[in-house]
Amino acid sequence: MRNKHKSDYFLKAALSCGVGLGALMVGSLATAQDAPEGEETKRLGVITVTSTKREQTLQDVPVAVSVVDDEVIARAEIQDLNDLQSLVPSLSVGQLQSSANVNFRIRGFGNGANNAGIEPSVGVFIDGVYRSRSAAAISDLPNLQRVEVLRGPQSTLFGKNASAGVISVITRKPQFEHGGAVEASYGNYDAMRLKADITGPLTDTIAYSASGYFNKRDGYAQDLATGTDVNQRDRFGLRAQLLFTPNEDLEVRLIGDYDKIDEICCVAANIINGPTGGAILALGGNLDFENPFSYEVFNNFDSENDIENYGFSGQIDYATKFADLTSITSYRTSSLLTDQDSDFSSADLIGTNPSRGDIDTFTQEIRLTSNNTDGMIDWMVGGYYFDESVETVSSLTYGADFRGFADLLTGGGLGTVEGILGGAPAVGNLFAQEGQGRFLNFGQDNTAWSLFGTLDAHLTDRVTATVGLNYTEDEKDAFGNLVSTDTFSALDLVALGVAIGVPAAVADDPAFNPFLPLAALQFLPPFLDFPNVIEDGKSNDDKLTYALRLSYEVSDYINIYGSYSTGFKATSWNLSSDSRPTSDIFISGSPVTNPPASPIRDAGLDVPNLTSGTRLAGPEEAKVWEFGLKASFDRVAFNVAVFDQTIEGFQSNTFTGAAFTLANAGEQSTQGVEWDITASLTDNFTVVFAGTAQDPIFDSFVNSASGDISGQRPSGIPKLVTSLSGNYDFVIGGMDAYIRGDWQHESGVDYFDDPANQAIIGFQKKIDLANASLGVTTPNGLRVSLWGRNLFKEEFVTTAFPSVAQSGSVSGYPNQPRTYGVTVRKEF
């Protein structure tokens, strides 16, 4: 349970910070507002937001939202959602072991990588279409208009629940005037990017647009064993649109897109060399021990990341006399094939680890939004339908060196067991042999529907009360099949001890049974497939969520609001080899010890070395209190929000060195303050300072992969994240020019929830990144810019994890080194 004194202190500090920022800015604004009559002041641009399903200005919308428009994205050289976090402190994007595994988090909450059964807690929508997995959302950003990041649950605005927040990407519609642009970039590591788009009318009522991109770069790391560059880029995409406007009341927008990734990613370096390092060297293998920023690694073969996404969507907007009708229909498919040398050494311990996934998604959303702007009531009602199929086929096999590795670690323990068994045909002296492994097939069918809506009651000219509701039903049918050919992992070591004379009463005690220490090498035990006669592989969730909000327009410049909202994410199935029956239907233990009866055992379904665990993680339920202040003046605009956010049943997916453990945290919460200040210090110089300060904690997490970590601060969530940027516009030689810089800071944070693993790595993650760009635009519209990211070569490990099959060692992903280049863009 949260330490009350500590949490109250932090909340008071957060409130003081928010109030202090507000008072500071209000005090400084008087000068700008009281400028001498006739003296010209520069007004900040108006930023439009549509994620609330109505077009409003950023300062008028009473929700916590950050907006990054196309001009900022171009000047800051933001290429994808991974880069976006340098401008939005509440957003964290983590690149994991493959191009397809990316994790989005808002206010520290988020999941969705490394298990096809887990939908992300942060929903990604592109032009109103939900992208259900990160592999379908990581392509280069298309012909952008803006990106909106909404913080906290958004169930009453988006039919598909997002318990932690939403990233909404809005692209440009086709235009009825001819136009387009061509852009080319070249940078270090032989980076080449090409982008082009064109738009114009086909008839008086039909317009089109087409765009494409190509992104290729050599890897910034080198595999000294294969001679190949690692962490390269090789991506391209195409996108086409049609816009049909037969009259002023009807608009139809059709979008088709295709993108492909085929690259070698991602470099995993040795961070801590544990006791197994000597065995790897003895086998003739190699590692660059504890030197992650050499960007040199050793693997037996190149990784494979082949990702293909395509989809179609149609949006119909029709204005009636009392409301606007919107229909969005979409079909998307995502296919990915990945493989890597998962022991990340040139010793052939893990042979191959290929995985293929196919995801097909159909969605339909219908909304009706009132358009009587003069009334006391504004409303929006909608319905959403979601139908998706997911299937994965994968395998993991032992390499040629694994048997030798096991013998070195155990002093020939496997051979001893083989000798005792006498080369029995069931064993055949084939323990830990090359090609043995596990072969998996998992999948699920998911259908969901929801009804949602909001009602805004304008109680006075300046006071608005809002009520939002969402009712969702979510059904999943999941299956899992696994075949293990690892004969040693199928051995009952307890029974083997009894066979040599160890009393059954103590045969499960390593102090008496000499074989039990070898259980650490039983990596790939037999699996209980599901559904079966006990487990039906079905889940059915339903939930009513809501939002309550009161906003007050203090003046034409200042708005304040308070809100309470709830959110929901349905059950996630564990579609991995670590999926196991729960303890209420199976009690583990060797048959020779006469374990208690349980439904799985009574049905005759128990397999050797089966243990209890989780088949699924139950629903997440979010609750958020939020109080905000928004102000906009001629030269300064600022937003401050104080929040208290809790997620009950947070779906945690933790890597333990051999598998991912999926479990529900009892409760995870955070309290904090966010701010976003934009100030035009002169007519030419604009500064943006944004940040998030928070105090995250596991209020209750008894059954985590690391044991009971209740009361512990979650790993990977810094207490302070800030972003500071400045942009100076000037004229040189008759050309418009700018210089821009930004700095991203994250305070130190642990890599692991498990104190033992954190003690092994011995340091925290801390980030201070600086980026800059300089550009000029000629009178004929040619823009040339020079840019650099991570200018000062900041070095940090983005994610750390226990090394695969190497107890006591830690691996991790070093951050991207300094990159720089030149971009040329011509609009026409």
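**Entry 1, an enclosed strand.** I began with strand β8, residues 144-151, in what is a predicted model, and found that seven of its eight residues are buried, so the strand is largely enclosed by the rest of the structure. I then looked up its partners: strand β3 (residues 65-69) runs antiparallel to β8 and is joined to it by five bridges, with V68 bridged to V147 of β8. Strand β9 (residues 165-171) is also antiparallel to β8, and here I noted seven bridges, including the one that pairs L144 with T171 in β9.

**Entry 2, an open sheet.** Which strands form the open sheet, and in what order? I found three, arranged β14-β13-β18, with mixed pairing. The edges are taken by β14 (228-230) and β18 (296-297), each of which has a single partner strand, so one side of each is left without a neighbour in the sheet. Between β13 (residues 221-223) and β14 I noted three bridges in an antiparallel arrangement, and the partner of A221 in β14 is V230. As a reminder to myself, strands of a sheet pair through backbone hydrogen bonds, either parallel or antiparallel.

I noted 29 aromatic pairs in the structure. I looked at F236 and Y258, whose ring centres are 6.0 Å apart and whose planes make an angle of 45°, which is a tilted pair. F236 belongs to strand β15 (residues 233-247) and Y258 to strand β16 (residues 250-263), so the pair ties together parts that are 22 residues apart in sequence.

Where does N757 lie? I placed N757 in helix α9, which covers residues 755-761. Its relative accessibility is 18%, and because the cut-off for buried is under 20%, N757 counts as buried. Leaving aside residues up to four places away in sequence, I noted that N757 touches F752 and P802.

Conventions. Residues numbered from 1 in each chain as written. Predicted model: local features only at pLDDT ≥ 70, side-chain atom pairs only at ≥ 80, totals over all residues. Heavy atoms only, no water. Helix = DSSP H or I, 4+ residues; strand = E, 2+ residues; numbered from the N terminus. Buried < 20%, exposed > 50% of the residue type's maximum accessible area, 1.4 Å probe, protein only. Contact = heavy atoms within 4.5 Å. Pairing = 2+ DSSP bridges. Phe/Tyr/Trp six-rings, centres within 6.5 Å; stacked < 30°, edge-to-face > 60°.
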